[in-house]
Amino acid sequence: FMISLVFINMVTITYRQVQYGTEINFGTKQSHVFNILLQGTDYEKAVHEFSKVPGVEKISAVSVLMGTYGDWADDVRTTKDKEAVVVREYFTDENYISNFKLQLAAGENFPANHAQQHEQYAIVNEKFVENFQLGTAAEAIGKTIIVGDSTLLTIHGVVKDFLYKPAEYSLAPMLMRYNPANWSILNLSIASGSTMQTETQLEAAWKKLDPYHPFDGRFYDDEIQAVFSDMKDIIWMDVFIAMLGVTIACLGLLGITIFTIQSKAKEISIRKVIGASPASLMRLLTKSYIQVMMIAILLAIPAAVLLGNTVLQQVSQRIPL
């Protein structure tokens, strides 16, 4: 019974944490954003075709979806003599910041220049500035960083910190780079009220662009839900096992109750004859195992608190215990 209680508590904590992870505000616009996998299709052609679809208000591009477990990373140094630090990076276009309503703490967005021959600029978050000791956000503008072995980039802007990874990740330095060759996903802002119709038209537009690859697109909210879908399946399996454990525990209690009544049938009859009340008989029959159940509960509470707190400590953005 004690193990069942602890198990139920752990399943409840895990489930509520996963629910919190899917509903958390990442600090960016997520609703009415439709993501389409380019699958090798030319960025310019895709933007031109999709922008003609009614209901599409803005289009941006990114290498990997933020808010999911997927990401890229690279070594970053401020000078050649400094030790490299692994930093998560995303390749975005000049529309990404405005499309997702990110706020600049200092500096500017990427310049609209698709024809640049090599990378020149980088946009970092406030945690990046703090981690690499670049001073204030304003002071970091114009400073150079070395990415990988020899890519020299100038910090062109600093975005305010936001959650770009799932809730269990702590806020860490993040680097946004500009390289069209690495854009693999389009983010389309869809006008509210026309989502279903627009999705159908986007699929039709895709068939004109690329008749060989199937249309691969869904809304950002669905992407976030999909991140936790496997975990939710595991939780529901755990719920089933927990309920099975509780059922077995209750069957055990039922067996004890039946055995107690049968073994004390004569005593109950005698007490009833001499005027014992139903309440006193209930106390007689339940006293022995109610005490044991109370002990189980008293042991389960601190165990559940300890284990639940241990689990939640592994998560950066967590529910209160």
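1. In this predicted model, helices H8 and H10 are roughly antiparallel to each other, because their axes meet at an angle of about 155 degrees and angles over 145 count as roughly antiparallel. The two axes lie 9 Å apart. H8 passes H10 in a right-handed crossing. On the H8 side the contact consists of Leu253, Ile256, Thr257, Thr260 and Ile261, and on the H10 side of Leu285, Tyr289 and Met293. By class, six of these residues are nonpolar and two are polar, with no charged residue among them.

2. H8 also packs against H1. The axes of H1 (residues 2-23) and H8 (residues 229-263) come within 9 Å and cross at roughly 160 degrees; this pair, too, is therefore roughly antiparallel. The crossing of H1 and H8 is left-handed. H1 contributes Ser4, Phe7, Ile8, Val11, Thr14, Tyr15, Val18, Gln19 and Thr22 to the contact. Among the residues that H8 contributes are Met231, Ile235, Trp236, Val239, Ala242, Val246 and Ala249. The contact of H1 with H8 comprises 14 nonpolar, five polar and two charged residues; Lys232 and Asp238 of H8 are among the residues that take part.

3. The length of H8 can be checked against its residue count.

4. Which residues of H8 are buried? They are Lys232, Ile235, Ala242, Ala249, Leu253 and Thr260. The buried residues of H8 pack against H1, helix H7 (220-227) and helix H10 (278-312).

5. H2 passes H6 in a right-handed crossing. Lys45, Ala46, Glu49 and Phe50 of H2 meet Leu202, Ala205, Trp206, Lys208 and Leu209 of H6. This contact holds six nonpolar and three charged residues, and no polar ones.

6. Most residues other than glycine have a negative phi. Lys101, which is not a glycine, has a positive phi of about 55 degrees. Lys101 is found in the loop between helix H3 (96-99) and strand S5 (104-107), and Lys101 is exposed, with a relative accessible area of 55%. For Gln133, likewise a residue other than glycine, phi is positive and near 55 degrees. Gln133 belongs to the loop between helix H4 (126-131) and helix H5 (137-140). Is Gln133 buried or exposed? Gln133 is exposed, with a relative accessible area of 70%.

7. Lys58 lies in strand S2 (residues 56-62). Its relative accessible area is 33%, so Lys58 is partly exposed. Leaving aside neighbours within four places in sequence, Lys58 is in contact with Asn95, Ser98, Asn99, Asn187, Leu188 and Ser189. Between Lys58 and Tyr43, which are 15 residues apart along the chain, the C-alpha separation is 14 Å.

Technical notes:
Residues are numbered from 1 along each chain as its sequence is written. This is a predicted model: local features need pLDDT of at least 70, side-chain atom pairs count only at pLDDT 80 or more; totals for chains, interfaces and linings use all residues. Side-chain values use heavy atoms; hydrogens and water are left out. Axes are lines fitted to C-alpha atoms, for helices over the stretch in contact, and angles run from 0 to 180 degrees between N-to-C directions. Helices (H or I, at least four residues) and strands (E, at least two) are DSSP runs, numbered from the N terminus. Angles under 35 degrees count as roughly parallel, over 145 as roughly antiparallel, 65 to 115 as roughly perpendicular and the rest as oblique. A crossing is left-handed if the near helix is turned anticlockwise from the far one by less than a right angle, and right-handed if clockwise. Contact means heavy atoms within 4.5 Å. Ala, Val, Leu, Ile, Met, Phe, Trp, Tyr, Cys and Pro count as nonpolar, Asp, Glu, Lys and Arg as charged, and the others, Gly among them, as polar. Buried means under 20% relative accessible area, exposed over 50%, partly exposed in between (1.4 Å probe, protein chains only).
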